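This briefing walks through one protein model, going from a few local sites to the overall fold. Please keep the sequence and the structure in view while reading.

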Amino acid sequence: MKWLLYNALFAVAYTVMLPSFLLRMKRRGGYRARFADRFGRYPPEIAEALSQGAAFPQGWIWIHAVSVGEVQVAGQLMRAMRERNPDVRFVFSTTSSTGWKTAEREVTPADVLIYNPLDFGGCVKRALNAVNPRAVILTETEIWPNFIRALKKRGVPIYLVNARISDRSAPRYKALRWFFGEVFRCFTKIYAQSDLDAKRLTDAGADPASVQVAGSFKFDVAHRNEAKERELRAWIGEGDILLGGSTWPGEDVVMLNTYKRLLEKHPGVKLVIAPRHFEKADAVEANIKAAGFECVRRSRSGESAASPNDVYLCDTTGEMMGLFGIATVAFVGKSLCAHGSQNMIEPCLCGVATVVGPYTENFRPVMSDLLAADALVQTPDASTPEARAASVEAELLRFFDEPERRAAYGQRAQAAVARRCGVVGRCADELLEALA
């Protein structure tokens, strides 16, 4: 009965979300491509490639990730498994066009890239018949009940890596244990990010024997890209850089206000804003001009600054690590005007003095480690958006005013990240041993 209810509710929810889904297709373009994948129907050349899985020693290992960060986590795991066993072959699935673009850089010619099927029984069945996976690896919070139950019925091992349950989701999962318990118990093994995540998973019904606290994969994902750093430095020019990394709407305005004050004492500093979603770039450019600055957009090939105080807008994908590598001080987005935060490990790895807002739920165990090491600055929550913005502004300005303090934070940040690496390799060893 509960599965009939789930399928009915999922159908209603999908129908309600369909207009916004189609709008994203129009805005991003990439959503339109390979749309039939979502129904388990693949182009002839992809279907042919998938049919070759039976010829591989271990068949296809299907790995699924959604966001750019999760795709990078999955990519790191695939590389670690390939290093240990060059014969492994992957089917990589994602759901978003931005995830797809990132995944294209993670897969090899021996792998197959697809969009994940919608969680309807017929779509899942067609996809599984086409792929016929030897095992399936899901990342972080990718819980698709019909997909997972169908794998269990077929006897396919299912793994959840870098698993976490957010503060907001935990009460819902616990309250719906009667439903999600059966889903979580389908997993062969769950690699949790922290003790708290492990507890929340078992509270939601996961078998305690299947849950292992492994640590966060994200400490292993980030790697400096020196070639990209040189390319971006040539675009921006010399001088100190204030970077707003992966900003969400509203946070770009905070960066612009900070920049106005910063120029009063540090006239040579440059501001770079890299919005989390590049389709928001037009709105960011409008805010830049409203603040009295000219905008230099990365997507406009050959465009350069007309004056020293022009603001640089990075509206392309795959360049965030390069930007962190050349930044002097960085603010990590989705931590001030939206909940959850983007990845603060990346600037810390690069030894950048880093400021985050009060909302970092998506990186709770990571933040716990970094704060304990005094590796970054998190501003306190406040009763008003204006007060929260003022706190971020004050900390960013302070880093420019105190270069020795800035350097000390950068050194502690690099050391903290280095101490916590190695999770991906250990999980790769365990997964390959289990699948041998």
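In this predicted model, E106 sits in the loop that runs between helix 4 (97–104) and strand 3 (112–115). Despite its place in a loop, E106 counts as buried, because its relative accessibility of 11% falls below the 20% cut-off.

**E106, R82 and their partners**

- The side chain of E106 makes a polar contact of 2.4 Å with the side chain of R79.
- When neighbours within four places in sequence are left aside, E106 is in contact with V71, Q72, G75, M78, R79 and R82.
- R82, one of these contacts of E106, lies in helix 3, which spans residues 68–84.
- R82 counts as buried because its relative accessibility is 16%, under the 20% limit for that class.
- The side chains of R82 and D111 are joined by a polar contact of 2.4 Å.
- Not counting residues up to four places away in sequence, R82 touches V88, F90, E106, V107, T108 and D111.
- R82 and S210 are 128 residues apart along the chain, and their C-alpha atoms are separated by 25 Å.

**Helix 6 and the residue after it**

- Helix 6 covers residues 145–154, and because 7 of its 10 residues are buried, this helix is largely enclosed by the rest of the structure.
- The buried residues of helix 6 are P145, N146, F147, I148, R149, A150 and L151.
- Helix 6 is followed by G155, a residue with a positive phi near 75°.

- S246 counts as buried, since its relative accessibility is 13%.
- K334, which is not a glycine either, has a positive phi of about 60°, and its place is in the loop between strand 12 (329–332) and helix 15 (345–349).
- K334 counts as buried on account of a relative accessibility of 16%.

**Helices 17 and 18 through F399 and R405**

- F399 lies in helix 17 (residues 385–401), whereas R405 has its place in helix 18 (residues 403–419).
- At 0% relative accessibility F399 counts as buried, and R405 is buried as well, with a relative accessible area of 17%.
- Leaving aside neighbours within four places in sequence, F399 is in contact with V329, A353, T354, V355, V377, R405, R406 and Y409.
- R405, with residues up to four places away in sequence not counted, touches V377, E395, R398 and F399.

- A290 lies in helix 13, which runs over residues 281–290.
- Because its relative accessibility is 68%, A290 counts as exposed, the class that begins over 50%.
- A290 and V253 are 37 residues apart in sequence, and the distance between them in space is 9.7 Å from C-alpha to C-alpha.

**The protein as a whole**

- The protein has 19 helices and 14 strands.
- For 436 residues, a compact globule would have a radius of gyration near 22 Å, and the protein agrees with this because its own value is 22 Å.
- Taken along the principal axes, the box filled by the C-alpha atoms is roughly 65 × 45 × 45 Å.
- Of the 436 residues, 56% count as buried.
- Among contacts between residues at least 6 apart in sequence, 66% join residues at least 24 apart.
- The accessible surface comes to about 18,200 Å², and carbon and sulfur atoms account for 54% of this area.
- The protein carries 56 positive and 49 negative side chains, and the centres of these two sets lie 6 Å apart.

Note on methods:
Residues numbered from 1 in each chain as written. Predicted model: local features only at pLDDT ≥ 70, side-chain atom pairs only at ≥ 80, totals over all residues. Heavy atoms only, no water. Helix = DSSP H or I, 4+ residues; strand = E, 2+ residues; numbered from the N terminus. Rg over C-alpha atoms; globule rule 2.2 N^0.38 Å. Buried < 20%, exposed > 50% of the residue type's maximum accessible area, 1.4 Å probe, protein only. Contact = heavy atoms within 4.5 Å. Areas by Shrake-Rupley, 256 points an atom, 1.4 Å probe, with all protein chains shown as cover. Lys, Arg positive; Asp, Glu negative; His and termini not counted. Charge placed at Lys NZ, Arg CZ, Asp CG, Glu CD. Polar contact = N/O pair within 3.5 Å; in protein donor to acceptor, adjacent residues only side chain to side chain.
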